[in-house]
Amino acid sequence: MADYTAFWGHDDLSDVMVVLYEEAEDGSRKRKRDSPLPAHKVVLAANSQVLKAQVPIAVSKHCSCLLMSKTGHDAWSKVVNWAKAAGTDGTEQPHIDFAVPAGQLEVGESVLKAMYQHQPDLSGFGQVALLQLLMLADR
């Protein structure tokens, strides 16, 4: 796995914002992180099936029409256009919601950060925090 640590938390080439929030047992939002985290769709999609399912996909109508006319079937009509992400021209970037159990905002942020690291440094975590991190990463 490549190391993307230099991109963690920076707007450089980011194409999505992650809104990290605590989820109550009844499914309502309790508290969220002060500000969304800049992220990169390709890193999130490669490391989490849950986040991959939420990655906003921009579809180019021109490309899909061109492919449909050449292939003759609808299977090729969905063209993912990663380069067309919002945010680089001052517009708002798409958001992904990432729910964590109550009291675990910091753990949720650590899970996201670990997705960017080849070898995540978990030396500062106690046993309870490590268990929470593993359970959240397994979602």
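User: Where in this predicted model is Glu22 placed?

Analyst: Glu22 belongs to strand S1, which covers residues 16-23, and the model that shows this is a predicted one.

User: Why is Glu22 called buried?

Analyst: The relative accessibility of Glu22 is 5%, and a residue counts as buried when the value is under 20%, so Glu22 is buried.

User: What makes the pair of Glu22 and Gly103 a polar contact?

Analyst: A polar atom in the side chain of Glu22 is 2.9 Å from the backbone nitrogen of Gly103, and because the limit for such a pair is 3.5 Å, the distance falls within it. Leaving aside neighbours within four places in sequence, Glu22 is also in contact with other residues, among them Arg29, Arg31, Val100 and Leu105.

User: How do you know that S1 and S2 pair?

Analyst: Strand S2 (residues 29-32) runs antiparallel to S1 and is joined to S1 by 3 bridges; since pairing needs at least two bridges, the two strands pair. In one of these strands, S2, Arg29 is the bridge partner of Glu23. The hairpin of S1 and S2 has 5 residues between the strands, and there Gly27 has a positive phi near 90 degrees.

User: Which residues of helix H4 are buried, and why are they said to be on the same side?

Analyst: In H4 (residues 105-115), the buried residues are Leu105, Val107, Gly108, Val111, Leu112 and Met115. Around the axis they cover an arc of only 165 degrees, and therefore they lie on the same side of H4.

Methods
Residues are numbered from 1 along each chain as its sequence is written. This is a predicted model: local features need pLDDT of at least 70, side-chain atom pairs count only at pLDDT 80 or more; totals for chains, interfaces and linings use all residues. Side-chain values use heavy atoms; hydrogens and water are left out. Helices (H or I, at least four residues) and strands (E, at least two) are DSSP runs, numbered from the N terminus. Buried means under 20% relative accessible area, exposed over 50%, partly exposed in between (1.4 Å probe, protein chains only). A polar contact is a pair of N or O atoms within 3.5 Å; within protein, one must be able to donate a hydrogen and the other to accept it, and residues adjacent in sequence count only if both atoms are side-chain atoms. Contact means heavy atoms within 4.5 Å. The arc is that of the directions from the helix axis to the C-beta atoms.
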